[in-house]
Amino acid sequence: MTEPHNHQDIEIENNEFKRPSWDEYFLKIAMLVSERSTCRRRAAGAVLVRDKKIISTGYNGAPAGMKDSLELGCKRTELGIKSGEQKQICRAIHAEANAIIQAALHGVTTKNATLYSTTDPCITCAKMLINAGITKVVSFQDRSDKEDDFKLVFNEDGVEFIRLPQPETTINYREYKRV
């Protein structure tokens with residue numbers, strides 16, 4: 001499906017404004033979603049999109065109603081556990097999983113959706129994304145534990161994976177100018 005007016009990035013006089021691509025736009029939203037994270041080690045955010053419309057968001061944190069690591073402290077840090085090891089000790093649910101869960105909670109299908117995430121998925125989230133019908137994943141940050149197994153399952157299932165540079169963290173808000 002093509003847009004009636006498929007604009008390229010637009011530059012207005014003196015380069016004062018550059019319109020972000022759709023990928024940059026949704027990655028920046030994922031960055032904003034990550035601000036709700038309650039993980040002390042890494043704030044992650046995810047946005048599920050279908051037909052250029054946001055259908056769900058998720059950030060990493062404890063299940064609803066449970067105390068999180070901001071309140072209790074991080075058990076993995078206290079025990080000196082390295083990133084990517086003994087994940088079962090962590091109270092948090094990953095951002096990707098929370099985005100899927102939120103869609104399910106509200107009766108929204110994730111079939112043929114794209115996931116935009118601040119970080120690459122772990123292998124467990126990659127398998128959940130496949131089962132949820134996600135066909136494309138876009139991120140800008142690799143996992144610190146260098147766990148690339150997710151690429152193998154994505155390749156096997158045909159999920160497109162793209163890693164882009166981190167978008168600018170500034171919001172290019174333009175005030176309405178009366179003439």
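Which residues lie nearest the centre of the largest pocket? They are C39, R76, C90, A92 and H94, out of 36 residues that line the largest pocket. This is a predicted model, in which local features need pLDDT of at least 70 and side-chain atom pairs count only at pLDDT 80 or more, while totals for chains, interfaces and linings use all residues. Residues are numbered from 1 along each chain as its sequence is written, and side-chain values use heavy atoms, with hydrogens and water left out.

The elements that contribute two or more residues to the lining of the largest pocket are α2 (69–72), α3 (75–78), α4 (95–105) and α5 (123–131); helices (H or I, at least four residues) and strands (E, at least two) are DSSP runs, numbered from the N terminus. The space in this pocket comes to about 640 Å³, a volume being the space filled by probe spheres set on grid points that are joined across faces, edges and corners. A pocket here is an open set of points on a 1 Å grid over the protein atoms alone, where a 1.4 Å probe fits, with protein on both sides within 12 Å along at least five of seven lines, and lining residues have an atom within 4 Å of a point.

The structure holds one salt bridge, that is, a side-chain nitrogen of Lys or Arg within 4 Å of a carboxyl oxygen of Asp or Glu. Its partners are D120 and R163, at 2.2 Å from N to O. Because D120 lies in the loop between β3 (114–117) and α5, and R163 in strand β5 (residues 160–163), the pair ties together parts that are 43 residues apart in sequence. D120 is buried at 1% relative accessibility, whereas R163 is partly exposed at 36%; buried means under 20% relative accessible area, exposed over 50%, and partly exposed in between (1.4 Å probe, protein chains only).

Turning to the rings, there are seven aromatic pairs, counted for Phe, Tyr and Trp (its six-membered ring) when the centres lie within 6.5 Å, with planes under 30 degrees apart called stacked, over 60 edge-to-face and the rest tilted. W22 and F26 are stacked, because their ring centres are 5.8 Å apart and their planes stand at 20°. Both residues lie in helix α1 (residues 22–33), four residues apart, about one turn of the helix.
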